[in-house]
Amino acid sequence: PVSSISDLVRYDNGLLMPRAYITIAEKLYNFSLRDDDIWIVTFPKSGTTWTVEMIWMLFNDVDKVKSKKPQMLRSPFLEVGCLMGGPWPPEGMAGDMVEMLSDTLAYAETLTERRVLKSHLPIEFLPPGITKRCKVIYVARNPKDTCVSYYFHNLSMPGHGYVGDFPQFAEDFASGLQLYGDFFSHVLSGWRVKDDPNVRFLWFE
C-alpha cells in the first residue's frame, strides 16, 4: 500500500512496468538518437551503475572533478520518471535533480557532451536503430545473484515498499512478477543483438 510501483501493466514479452510508463513509452521509443550516443542497457541489479561509471570515466579522461556531479545527471536513467511516487518533489531534493526527474527525456536532449544513457528496458522497447546508429553495451548477470540483489533493493529503496520474504520474492522473480518483469526475456533481448558490430554483450561476473 505504500509502494509507488504497486499498479503495474504487463506487456506481451513479459515486461512489467508502472502504469505511468504508458505516458512516456511512445516518447522514449521515438527519442532522438545521436550517432555518438552510448547506451547502457541492463535488467535491474545487473551491474548498471558499475558499467555507466566505467564508460563515463573512459570518455571523460577520468575527470574526478566532473564526476562529483551525481551520476544520474551525467548519465540520465531515461525511464526513471515513471518510477517516482509519493510527494513531488521528494523532500530534500532541489535544483538540477528536480529538473532532470521532472522530464528525464527532455533533460537528456539538453546534454551537449557525448551522452552515456541508461535504461532497464528491453532492447525492443528502445528507439529503433540504436544498435545501428549508437554504441550499445548490454550487461547481464547470473539470475540467482540478480534475484538476491533485487530483493534487497526492493526492501531498501524508498517508495518500493516490498513487504514479502525472500522465498516469495524468488518465486515472483522466476515468474517475472516484479518491476521490469521477466528476467529471461530481457536477457534474450540483448542476446539477439550481441553479434551486431555496435553491441557489446557483457556478463557482470
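Start with Val-139 and find its bridge partner in β6, which is Leu-202. Keep in mind as you click around that this is a predicted model. Now widen the selection to β5, residues 135–140, together with β6: the two strands pair in the parallel sense, over five bridges.

Next, bring up the rest of the sheet. It is an open one of four strands, ordered β4-β3-β5-β6, with parallel pairing. Look at the edges: β4 (116–119) and β6 (199–203) each have a single partner strand, so one side of each has no neighbour in the sheet. Going from one strand to the next, the twist averages 20°.

Select α2, residues 48–58, which lies across β3 (38–42), β4 and β5 and runs at about 165° to β3. Then pick α9, residues 183–191: this helix packs on the sheet, where it touches β3, β5 and β6, and its direction makes about 145° with that of β5.

Now jump to α1, residues 22–29. Its buried residues are Ile-24, Ala-25 and Leu-28. They sit on the same side of α1 because the arc they cover around the axis is only 125°. Turn to the other side of α1 and you'll find Thr-23 and Glu-26 exposed. What do the buried residues of α1 pack against? Show α5 (104–110), and there's the partner.

Last stop, the cysteines. Select Cys-82, which counts as buried at 4% relative accessibility, and Cys-134, also buried, at 1%.

Key. Residues numbered from 1 in each chain as written. Predicted model: local features only at pLDDT ≥ 70, side-chain atom pairs only at ≥ 80, totals over all residues. Heavy atoms only, no water. Buried < 20%, exposed > 50% of the residue type's maximum accessible area, 1.4 Å probe, protein only. Arc of directions from axis to C-beta. Contact = heavy atoms within 4.5 Å. Pairing = 2+ DSSP bridges. Axes fitted to C-alpha atoms, helices over the stretch in contact; angles between N-to-C directions.
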